[in-house]
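Student: Hi! I have a protein model open here and would like to go through it with you. Can we take it piece by piece?

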Amino acid sequence: MSSHGWLVPILCSLFLLGILLILFPFDTGYSTLRNPLGQALWTTWTTPTPDAQDFTYCLFVPLMVAYLVYEKRSEIMRAPMRGSNAAIGWICFALLLFWVGSRAGKQYVGCAAIQILLAGIIFWFWGGSVFRPLLFAWAIIAFAWPLPFVDSVVAFPLRMIVSHIANVALNLIGIACVQNGTGLFSAADPATGLQLGDRFQIDIADPCSGIHSLMPLLMFSAFYSFFFLSRRWQQWTVFISAIPFTILGNVVRILLLVIGSLTWGTSFALGTNASPSWFHEACGYVVFVVVLGLECLLGFLLSRWYPARSAGLSGETSATAPARAKEEDTSSVPAFDGAGDAAWRSGIILVLAMVMGGVYWTSAPPNLSSEAGVTMTLPDRVQVPDLTGGDFFGSKAAVSEAEHTILPADTEFARKNYDDFHGHNIFFSIVLSGKQQYTIHPPQVCLVAQGWNIVHEENVPVHLSSGQDLVVRNLTIQRDVIDSRKQHRSVYAYYMYWYVADGISTPSRDVRNWVSSWDRILHNRDHRWAYVIAMSLITESTRPDGFNAEQTRKMLADFISQIVPTFQRQG
């Protein structure tokens with residue numbers, strides 16, 4: 001086959017990808033910062049930060065793909081090459097999906113579009129007979145896409161699992177430990193006068209959850225399984241085993257940190273959030289040692305117990321060899337139609353590239369709404385009718401150092417604790433996003449991480465004093481605490497929240513995302529969202545005259561009815 005069958009299609013495809021990744025504007029994540037997707041990916045791959053996941057492992061993907069293509073080069077060259085006209089539909093779909101992701105500000109959608117586009121290009125130029133030997137290389141490319149917003153889906157459940165297993169393991173080996181959310185504390189010892197957490201306090205943050213090591217270990221597992229295991233069920237077994245092995249590796253890490261804290265002190269074993277100790281950092285590598293060792297051991301045992309009849313590097317057995325040999329006998333199969341077929345197919349790809357270039361030059365960026373749906377000033381006094389007391393005075397509530405560190409600098413806060421003279425207390429907070437809107441996240445994540453259990457969720461209608469209606473989301477939350485008498489008891493609270501933009505209010509995160517995406521795509525408008533919280537403890541279990549659940553629920557709803565018209569703009 002002439003070089004036109006490969007070189008020209010590859011160059012035209014690279015030109016199209018360049019338009020998308022290098023020139024085409026793409027709003028990454030929930031941000032409205034206009035950066036091309038390629039630039040955003042490169043920055044994410046090469047600049048790990050202490051508070052974010054390290055994606056430098058993504059840089060290995062091109063090397064792995066290149067090696068896989070090289071390993072399959074003979075099979076690719078022998079395959080009958082007949083482009084699929086139907087693949088143009090997949091290519092156009094991928095380009096449309098990329099544009100939608102760009103306008104909606106969803107990096108995941110853009111990455112998925114590139115993945116689909118690559119498959120479509122292979123089918124378009126060379127057909128399924130070439131895609132089959134490239135299938136695994138194409139699948140490996142999926143590991144190049146960073147997944148920075150999977151905390152609520154993957155990272156947080158892993159944190160809870162690691163915390164629970166580590167707590168059980170520590171108590172089993174004789175180290176008294178108490179779990180509170182994702183935190184582990186040394187148990188109080190009345191005999192020695194030690195209080196809760198005096199000997200060690202460890203919070204299972206994202207790095208200790210396994211999310212930072214899971215993706216690179218899954219990538220290694222896939223690569224190892226493909227080359228060294230011949231049976232499909234063996235490959236899948238070792239690949240999936242990376243998940244429990246990663247959890248186990250992180251449990252071992254937590255055990256080492258606790259033992260180090262007890263032996264040499266927390267300064268040596270942990271350090272600080274800003275400057276972790278060398279021991280803390282070294283324990284992170286233990287995860288990889290444990291997981292990679294277990295992966296290789298499992299693969300060795302499976303190969304020894306269930307050996308292949310005859311396996312090559314690609315995992316092909318003697319049973320599949322005749323079929324493969326028949327497939328590779330291309331003497332009677334029409335060959336690739338040389339330069340002519342490559343030329344018109346390449347021409348269509350160039351036309352599509354120019355169309356996307358035109359979209360780039362003519363598309364205006366989404367306009368961030370200059371008007372937020374709230375004013376960032378809370379009243380000093382709120383009066384709630386029909387409530388004994390009911391005259392609430394606000395005092396400023398501090399914003400934690402962690403919030404200032406993690407959230408973007410242009411995030412705004414308005415936060416107060418409201419108390420009346422009858423002991424009623426309500427925490428009220430507004431968090432207003434800036435340009436980078438990942439400020440707004442579901443409360444279910446941080447609440448459980450703080451030790452709260454979500455018992456029940458419901459929507460609560462609130463009739464505002466201004467005559468309008470509002471719907472808020474109410475979480476019934478519970479956690480165990482240790483009181484001043486060192487007794488465990490349960491505390492319950494109501495946590496009401498909703499999201500606000502200019503003229504829009506919703507208690508649903510899904511609705512908020514849908515409204516944002518819809519208005520960005522069709523109306524070229526981006527919203528500046530605020531996240532509003534009202535929280536109060538159910539005090540009947542803590543004081544004789546405390547409110548029960550229904551009284552607390554009504555107090556919060558009535559308080560919201562009075563305070564919302566003072567800061568929330570109505571559409």
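This is a predicted model: local features need pLDDT of at least 70, side-chain atom pairs count only at pLDDT 80 or more; totals for chains, interfaces and linings use all residues.

Student: Okay, how many helices and strands does the protein chain have?
Tutor: There are 19 helices and 16 strands. Both are DSSP runs numbered from the N terminus: helices are H or I with at least four residues, strands are E with at least two.

Student: And what percentage of the residues is buried?
Tutor: Of the 571 residues in the protein chain, 46% are buried. Buried means under 20% relative accessible area, exposed over 50%, and partly exposed in between, using a 1.4 Å probe and protein chains only.

Student: Let's look at helices. How do α5 and α6 cross?
Tutor: The axes of α5 (residues 87-104) and α6 (residues 107-125) come within 8 Å and cross at roughly 165 degrees. That makes the two helices roughly antiparallel; angles over 145 degrees count that way, under 35 as roughly parallel, 65 to 115 as roughly perpendicular and the rest as oblique. The axes are lines fitted to C-alpha atoms, for helices over the stretch in contact, and angles run from 0 to 180 degrees between N-to-C directions.

Student: Which residues meet there?
Tutor: On the α5 side they include Trp90, Phe93 and Phe98, and on the α6 side Ile114, Phe123 and Trp124. Contact means heavy atoms within 4.5 Å.

Student: How many of those are nonpolar, polar or charged?
Tutor: The contact of α5 with α6 has 17 nonpolar, 3 polar and no charged residues. Here Ala, Val, Leu, Ile, Met, Phe, Trp, Tyr, Cys and Pro count as nonpolar, Asp, Glu, Lys and Arg as charged, and the others, Gly among them, as polar.

Student: New topic: strands. Is β10 largely enclosed or open, and why?
Tutor: β10 (residues 425-432) is largely enclosed by the rest of the structure, because 6 of its 8 residues are buried.

Student: Which strands does β10 pair with?
Tutor: β9 (residues 412-419) pairs with β10 in the antiparallel sense over 8 bridges, and 6 bridges join β10 to β16 (residues 530-538), also antiparallel. Two strands pair if DSSP finds at least two bridges between them. Glu412 has Leu432 as its bridge partner in β10, and Ile430 stands opposite Val532 in β16.

Student: What sits between β9 and β10?
Tutor: They form a hairpin with 5 residues between them, and Gly423 in the turn has a positive phi of about 85 degrees.

Student: What about β8?
Tutor: β8 (residues 391-396) runs antiparallel to β9, joined by 4 bridges, with Phe393 opposite Asp419.

Key
Residues are numbered from 1 along each chain as its sequence is written. Side-chain values use heavy atoms; hydrogens and water are left out.
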